[in-house]
Amino acid sequence: MIRSFPSRFWSHYRHRAAFSPTMQDLESPRELSGWVDAIVAIAATLLVLDLRLPEHSRGGLGHALAAERQHYAAYALGYVLVVLGWINTKRLLRYLIGVDYYLTLMVILTNGAWTLSPFAVGTLASAGHDVHDLSIAVRLMSGIITGSMIIWACAVTYASRRGLWQPGLDETTRAIWIPGSQLVWIVPAAAFAASYLSPYAALGLVVLYALIAAMPVPGRLETAERRDHIADPPRSEGGS
């Protein structure tokens, strides 16, 4: 019997994840890290370009700016989410000895949510005067985050299955950051569900997600000379 494509793909995925990585299998995270930097720069720029000076009469600038406070709050939230995504992606790449095709693809798909950030933020900013519209806007934003974080959890799980973590990664990071990364999608998923009941509660959960993503990780790489990229092996100590 001919196996379906999803079954064959999943079997190949599990087969690849079962092997320990070798230098020949992996690429340096450097190029992927540069791609991430470029996407963040573009997304942040598009967010800023969406800000406009509101129309106002003479002497009414303060009132006009205050009337746009929801737009500015939505921009700030979107910017924070993009920055936190960038920080955690850079952290992931720093913790890895290298990346293969599948992990690269998952990181790219995860960060693809940033390209939708200006649209999601613009929708949220324009929906403040109607509860129904606000529910849809929050649902859109939380749905984008949820999808992105599910792929992120798959990427972290795949890295663990393949043994791609740096050997000097300490137990605190392994015990907190890795499991947290695998479960973080639950919060935006709860926001998506809550948007059907209360858009304000759902928005609060999105803010909670941002706070969780912003939490510092106390762990560190304990190697004497950390290998950030497999293409740059540690230099010899010489006679020291």
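User: What should the 32 residues of helix 7 span at 1.5 Å a residue, and how far apart are its end C-alpha atoms?

Analyst: This is a predicted model, and every value below is computed from it. The expected span of a helix is 1.5 Å times one less than its number of residues. For helix 7, with 32 residues, that gives 46 Å, and the end C-alpha atoms are 46 Å apart, so the two agree.

User: Which residues should I inspect at the start of helix 7 and after it?

Analyst: At the start of helix 7, a side-chain oxygen of Asp130 comes to within 3.0 Å of the backbone nitrogen of His132. Gly163 follows the helix and has a positive phi, near 70°.

User: How many helices and strands does the protein have, and what pattern do they follow along the sequence?

Analyst: There are 10 helices and zero strands. Read along the sequence, the pattern is α-α-α-α-α-α-α-α-α-α. Among contacts between residues at least 6 apart in sequence, 80% join residues at least 24 apart. As to burial, 40% of the 240 residues count as buried.

User: How many aromatic pairs does the structure hold, and why is the pair of Trp152 and Trp177 classed as it is?

Analyst: The structure holds seven aromatic pairs. To classify a pair, one takes the distance between the ring centres, which must lie within 6.5 Å, and then the angle between the planes, where over 60 degrees counts as edge-to-face. The centres of the Trp152 and Trp177 rings are 6.2 Å apart and their planes lie at 85°, so this pair is edge-to-face. The pair links distant parts of the chain, with Trp152 in helix 7 (residues 131-162) and Trp177 in helix 8 (residues 171-183), 25 residues apart.

User: Are Trp152 and Trp177 buried or exposed?

Analyst: Residues under 20% relative accessible area count as buried. Trp152, at 5%, is therefore buried, and Trp177, at 6%, is buried as well.

User: What is the geometry of the rings of Trp165 and Trp177, and where does each residue lie?

Analyst: The ring centres of Trp165 and Trp177 are 6.3 Å apart with the planes at 85°, so this pair is edge-to-face. Trp165 lies in the loop between helix 7 and helix 8, while Trp177 is in helix 8, so the pair ties together parts 12 residues apart in sequence. Trp165 is buried, at 9% relative accessibility. Ring pairs link Tyr95, Trp152, Trp165 and Trp177 into a cluster.

User: Which charged residue lies over the face of Tyr196?

Analyst: A ring may also be faced by a charged side chain. Arg139 lies over the face of Tyr196, at 3.8 Å from the ring centre.

User: Which side chains make polar contacts with the side chain of Asp100?

Analyst: For a polar residue, one considers its location, its burial and its partners. Asp100 lies in the loop between helix 4 and helix 5 and is buried, with a relative accessible area of 3%. Its side chain makes polar contacts with the side chains of Tyr158, at 2.5 Å, and Arg162, at 2.6 Å.

User: Where is Asp170 found, and with which side chain does it make a polar contact?

Analyst: Asp170 is in the loop between helix 7 and helix 8 and is buried, with a relative accessible area of 6%. Its side chain makes a polar contact of 2.9 Å with the side chain of Thr173. Thr173 belongs to helix 8 and is buried, at 0% relative accessible area. The C-alpha atoms of Thr173 and Tyr95, 78 residues apart along the chain, are separated by 9.6 Å.

Note on methods
Residues numbered from 1 in each chain as written. Heavy atoms only, no water. Phe/Tyr/Trp six-rings, centres within 6.5 Å; stacked < 30°, edge-to-face > 60°. Helix = DSSP H or I, 4+ residues; strand = E, 2+ residues; numbered from the N terminus. Buried < 20%, exposed > 50% of the residue type's maximum accessible area, 1.4 Å probe, protein only. Lys NZ or Arg CZ within 6 Å of the ring centre and 35° of its normal. Polar contact = N/O pair within 3.5 Å; in protein donor to acceptor, adjacent residues only side chain to side chain. Contact = heavy atoms within 4.5 Å.
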